[in-house]
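Colleague: I would like a close look at one part of this model, namely its pockets. Please take them one at a time and stay with what the coordinates give.

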Amino acid sequence: MNVLIIEDEKGLADELEIFLTNYNYICEVCFNGTSASEKIAVNLYDFILIDLGLPDYDGLELLKEAKKNNPEAICIILTARAEVFDRIKGLDLGADDYLPKPFSLLELHSRMQAITRRKFGIKQNLVELGDFVINITDRIISCNGAEVGAITKKEFDLIAYLLLHKNRTLTRSQLSEHIWGSVVNDDYDSNYIDAHIKNIRKKLNAYAPPDWLETVRGLGYKIKVNT
């Protein structure tokens, strides 16, 4: 998932980027509010981590921009400000959570996972899809007890992202932007996504038919989950 880190303390920003990248997030870093405002205006993110104490920008105003331009993004405030008013104001403006500095990176990650599960209605880390079981935390796919070992990192990212948006069709451009962290240009070749989906199906078919992975003709792909 795409994460925008807005933090003027370079050491902390680097720590956050390295830590979250190790958990397979795609990270961008801004050290000031001006550059963050420009990115928020043109890009879509799954998470936006906002430091309120920026040198050139009111962090709460930046939060307003984030909620306006990225209404689906999960916003978490990271700040040294301890005043109750700032916490309440941030939450009233739409922030999903608040972590005062100093904070544990592990706690941040746990909160990000908890918010993601609530937002997308995932009650546990193991999701059953026909004969397959997807372990979101450990990034393992198994079929009737046997691990599917040939799935690449990007292929799992595709499956996981479709699963987060279960029963919803995602276009090829949406998948490309969120999984590869790039905005699709006019000359974009949709076969790029199609090739990955074809490879996924081929690998899963060696174990059992992945009937839950559907092609929506003319639109994109979705994972169908019975609820």
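What volume does the second largest pocket have?

Modeller: The model is predicted, and in it the second largest pocket has a volume of about 330 Å³. Its lining is made up of 17 residues, of which E72, Y161, H165, R168 and H178 are the closest to the centre. By residue class, that lining splits into seven nonpolar, five polar and five charged. Two helices, α5 and α7, each provide at least two of the lining residues. The largest contribution to the second largest pocket is from α7, with four residues.

The largest pocket can be described in the same terms. About 540 Å³ of space lies in this pocket. A set of 26 residues lines the largest pocket, and those closest to its centre are M1, Y23, Y25, I136 and R139. The lining here comprises 13 nonpolar, eight polar and five charged residues. At least two lining residues come from each of α5 (105–120), α6 (153–164) and α7 (172–180). For the largest pocket the leading contributor is α6, which supplies eight residues.

No disulfides turn up in a search of the whole structure. For C75, the nearest cysteine sulfur belongs to C30 and is 13 Å away, whereas a disulfide needs two cysteine sulfur atoms within 2.5 Å. C75 counts as buried because its relative accessible area is 0%, under the 20% cut-off. C143 is also buried, at 4% relative accessibility.

Definitions and conventions:
Residues are numbered from 1 along each chain as its sequence is written. This is a predicted model: local features need pLDDT of at least 70, side-chain atom pairs count only at pLDDT 80 or more; totals for chains, interfaces and linings use all residues. Side-chain values use heavy atoms; hydrogens and water are left out. Buried means under 20% relative accessible area, exposed over 50%, partly exposed in between (1.4 Å probe, protein chains only). On a 1 Å grid over the protein atoms alone, a cavity is a set of points where a 1.4 Å probe fits but cannot get out, and a pocket is an open set with protein on both sides within 12 Å along at least five of seven lines; lining residues have an atom within 4 Å of a point. Grid points are joined across faces, edges and corners, and a volume is the space filled by probe spheres set on the points. Ala, Val, Leu, Ile, Met, Phe, Trp, Tyr, Cys and Pro count as nonpolar, Asp, Glu, Lys and Arg as charged, and the others, Gly among them, as polar.
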